[in-house]
Amino acid sequence: MNTKGNGIEFISGGVVAAKGFRATGIHAGIRKNKTKKDLALIMADKPVAAAAVYTRNLVKGAPLTVTAEHLRNGYAQAIICNSGNANTCNADGIEIAEATCRILADAAGIAASDVIVASTGVIGQPLSIEPFRKGIPILVEALGADSTGANEAIMTTDTVTKEVAVKFTLGGKECHIGGIAKGSGMIHPDMATMLVFVTTDAAITPEILSEIVRKDVVTSFNMVSVDGDTSTNDMLAVMASGEAGNAEITEFNAEAENFAEAFGVVTRALCRKIAADGEGATKLIECKVSGALNDETARVVAKSVITSSLLKTAMFGADANWGRVLCAIGYAGTDTDINKVGVVFRSEAGDVEVCKDGHGVDFSEELAKKVLTEKEIVIDVILGDGNGEAVAWGCDLTYEYVKINGDYRT
């Protein structure tokens with residue numbers, strides 16, 4: 001399967017598709033359920049260029065603080081992540097995160113300062129270091145060329161694993177980018193993402209890598225929302241081994257743009273997977289806004305639509321209640337001429353125009369029901385104010401979401 005531009009092609013492999021990386025995941029005893037893996041490791045063969053972005057929630061998991069300090073020099077060699085406990089709001093959280101890095105450093109023969117550490121799970125629960133002491137040496141021994149274990153070990157309420165990989169060329173050299181993600185609930189635009197770990201074998205400096213990552217999240221992970229709750233532990237971390245053999249990207253030139261394009265293909269594919277697997281979700285909702293005053297306005301409008309609880313419940317019920325789309329646009333706080341707004345619902349079952357120039361139009365309720373019964377629904381919002389465009393991803397709101405979160409700790 002080829003994407004537009006740059007000869008980008010989807011491949012298998014996730015975070016081990018890129019040269020110079022191994023991964024694994026095990027059950028270390030952090031989670032009570034012994035059938036669920038709870039400790040993941042992604043390891044580079046040597047210290048490599050790295051970058052990360054984090055949640056903007058003022059309440060942050062201890063691992064984010066430790067990781068930010070470790071990445072001040074722009075290099076890392078490993079990503080270790082546990083599920084089942086967020087290590088957030090714990091008095092000894094920093095101590096636990098730092099100890100985890102030291103244990104991994106001793107077991108793998110690397111520097112503790114080259115470790116990216118992450119956690120996901122319940123907030124405010126004590127976290128023992130003992131599962132890490134016992135599990136990390138086993139984890140290191142299990143490293144290999146298969147991303148499945150790591151993918152499974154970062155899951156919490158996720159129902160499916162989420163990974164993407166692509167190959168593309170830079171300077172005539174075949175390069176790869178691969179990523180895995182976890183995210184199902186507590187997902188709302190304000191940073192970055194849930195937990196996303198990306199590897200590449202392209203040669204690129206930490207400075208350019210960081211610039212590309214920070215620009216990308218504005219139109220990728222910051223445009224995903226499941227439930228309007230911004231997590232305390234969101235992190236996107238990227239490592240670049242340089243083993244593809246391309247000339248190192250040291251400035252934002254055409255090669256950097258090619259890399260950014262491939263990186264964006266990976267992140268947007270992961271965005272769709274995260275939104276589609278929202279807690280209790282039965283449908284992926286994609287809102288495409290065009291004709292906005294500018295791109296920022298388009299982003300605000302698109303996010304307003306996909307975060308509307310009333311719109312999300314209408315999609316669950318396959319109800320073409322287009323007034324909820326207009327309502328969400330109206331309170332978005334943008335400079336938008338409501339009298340020029342058009343709305344079209346699309347899916348594999350067809351297209352149905354429901355609003356034009358800010359007013360309802362005659363449409364077939366029967367066709368609309370068919371369109372909105374599909375697993376993937378596109379809401380086209382056509383504004384008449386300019387050339388701004390944006391895409392946002394969300395999901396429907398179901399009875400199951402309440403059930404999952406009503407007894408999350410038990």
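**Entry 1: terms and model**

I take a salt bridge to be a side-chain nitrogen of Lys or Arg within 4 Å of a carboxyl oxygen of Asp or Glu. The model is predicted, and I note that local features need pLDDT of at least 70, side-chain atom pairs count only at pLDDT 80 or more, and totals for chains, interfaces and linings use all residues. Residues are numbered from 1 along each chain as its sequence is written, and side-chain values use heavy atoms, with hydrogens and water left out.

**Entry 2: salt bridges**

I looked up the salt bridges and found 14 in the structure. One of them joins Arg 272 to Glu 286, with the closest N and O atoms 2.8 Å apart. This pair links distant parts of the chain, since Arg 272 is in helix α6 and Glu 286 in strand β10 (residues 284–292), 14 residues apart. I read helices (H or I, at least four residues) and strands (E, at least two) as DSSP runs, numbered from the N terminus.

I then checked accessibility, where buried means under 20% relative accessible area, exposed over 50%, and partly exposed in between (1.4 Å probe, protein chains only). Glu 286 is buried because its relative accessible area is 9%, whereas Arg 272 has 28% and is partly exposed.

Arg 272 also meets Glu 376 in a salt bridge (2.8 Å, N to O). Glu 376 lies in strand β14 (residues 376–382), 104 residues from Arg 272. With a relative accessible area of 46%, Glu 376 is partly exposed.

A further salt bridge brings together Arg 346 and Asp 351 (2.5 Å, N to O). Arg 346 counts as partly exposed at 29% relative accessibility, and Asp 351 counts as partly exposed at 45%. I also recorded a network in which salt bridges with shared partners join Arg 272, Glu 286, Lys 288 and Glu 376.

**Entry 3: aromatic rings**

Rings of Phe, Tyr and Trp (its six-membered ring) pair if their centres lie within 6.5 Å; planes under 30 degrees apart are stacked, over 60 edge-to-face, and the rest tilted. My search of the whole structure gave 3 aromatic pairs. Phe 259 and Phe 263 are stacked, at 6.2 Å centre to centre and 20° between the planes. Both lie in helix α6 (residues 254–276), 4 residues apart, about one turn of the helix. Phe 259 and Phe 263 are both buried.

Phe 316 and Tyr 399 form an edge-to-face pair, at 5.4 Å centre to centre and 90° between the planes. Tyr 399 is exposed, with a relative accessible area of 69%, whereas Phe 316 is partly exposed at 29%.
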